[in-house]
Amino acid sequence: MKLSQFRFDLPLNLIAQHPTKKREDARLMVVHRKTGQIENKYFRDVMDYFDDKDVFVVNNTKVFPARMYGRKEKTGAKIEVFLLRELNKPNRLWDVIVDPARKIRVGNKLYFGENDELVAEVIDNTTSRGRTIRFLWDGTDDEFRQMLEFLGETPLPKYIKRKPEAEDKERYQTVYAKHEGAVAAPTAGLHFSIELIKRLEIKGIRFAEVTLHTGLGTFRPIEVEDLSKHKMDAEYYRIEEGACKVVNKAIETGHRICSVGTTTMRALESSYTAEKHLKPSEGWTNIFIHPPYQFNIADSLITNLHLPKTSLLIMTCAFAGYELAMEAYKKAIKDKYRFFSYGDAMLVI
């Protein structure tokens, strides 16, 4: 398929700028693949579509305060530094994106904090906006993490046109986040509250956790018309034995397996056996799922409403079917669903 087939016009007023008051109060569009039926519900109604011994697979990655603001030595120019991933812990090496990039060259030093609490040196260029920097820090790793927490900012996407607020530190994070490493939240999971999870568990629904650290590659614009030529940035994932046992038992007993989010789906589709069972694994995945695609583990998907021409929308179309998914998006716009990270959700079953 071609990239242009995934274009649609989205009114800017439908881009959610704040989360709902309660997580499960978001709206939920339910898309039935077999019948083509599309229902308007609320996220708390998700439990009506699942039964005892069904499994939700969630991504337990944890967002860290990846956006920092510093100033360049000598000129004092304000520089935004977006932390992508740590390359070498003992040497404090990080891959970052800088803005404005034209002002930042190898050898430059950057100062962070009102009293220059943290200093970094640019040691390499990686892309037009990408740099490798070394933080000049002599303290312990725990102290360094505390400093990043103090100086960093919740990395809200740029389409949220406001500064992060106190609530964002909690709400731009799933309630089951455990393993730090993501620069963007696995947004489908933002709708689950602790109370909703408990109600689901009381009903007999089980949860399995995987980890995929969401990077900016998930959101990087696709620049080729032929989707088969697009290359995803690699993201770290890990699937442990315990999650495999829960998922594989559901497969063997004919119960439903729901992938909570496209990042979870990418992890699942990166680690399965010839018998279509989930297997433990750890590593880096750059899998790009686009139509046509045969999914191997999950038979249902919870996801948010995404930007046009993105890998997230394209995967949703691969799972739901192109025509049905695009029809659902037209309905979402007509019915004024809220889009993107803090927006509403879609359940494809």
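1. Cysteine 244 is buried, with a relative accessible area of 2%, where buried means under 20% relative accessible area, exposed over 50% and partly exposed in between, for a 1.4 Å probe and protein chains only. Cysteine 258 is likewise buried, at a relative accessible area of 0%. The structure is a predicted model, in which local features need pLDDT of at least 70 and side-chain atom pairs count only at pLDDT 80 or more, while totals for chains, interfaces and linings use all residues. Residues are numbered from 1 along each chain as its sequence is written, and side-chain values use heavy atoms, with hydrogens and water left out.

2. How many disulfides does the model hold? The count comes to zero, a disulfide being a pair of cysteine sulfur atoms within 2.5 Å. The sulfur of cysteine 244 has its closest cysteine sulfur in cysteine 258, and because 17 Å lies between them they are too far apart for a bond.

3. Helix 7 covers residues 322-334; helices (H or I, at least four residues) and strands (E, at least two) are DSSP runs, numbered from the N terminus. Just after helix 7, lysine 336 takes a positive phi of about 60°.

4. Which residues of helix 7 are buried? They are Leu324, Ala325, Met326, Ala328, Tyr329, Ala332 and Ile333. An α-helix has 3.6 residues a turn, so residues three or four places apart point the same way. The buried residues of helix 7 pack against several elements, among them strand 1 (27-31), strand 16 (300-304) and helix 6 (311-320), with contact meaning heavy atoms within 4.5 Å.

5. The structure holds 19 aromatic pairs, in which rings of Phe, Tyr and Trp (its six-membered ring) have centres within 6.5 Å, with planes under 30 degrees apart counted as stacked, over 60 as edge-to-face and the rest as tilted. In one of them, the rings of tyrosine 159 and phenylalanine 340 have centres 4.8 Å apart and planes at 55°, so the pair is tilted. This pair links distant parts of the chain, 181 residues apart: tyrosine 159 lies in the loop between helix 1 (141-151) and helix 2 (168-171), and phenylalanine 340 in the loop between helix 7 and strand 17. Both belong to one aromatic cluster formed by Phe8, Tyr159, Tyr329, Phe339 and Phe340.

Methods:
The expected span of a helix is 1.5 Å times one less than its number of residues.
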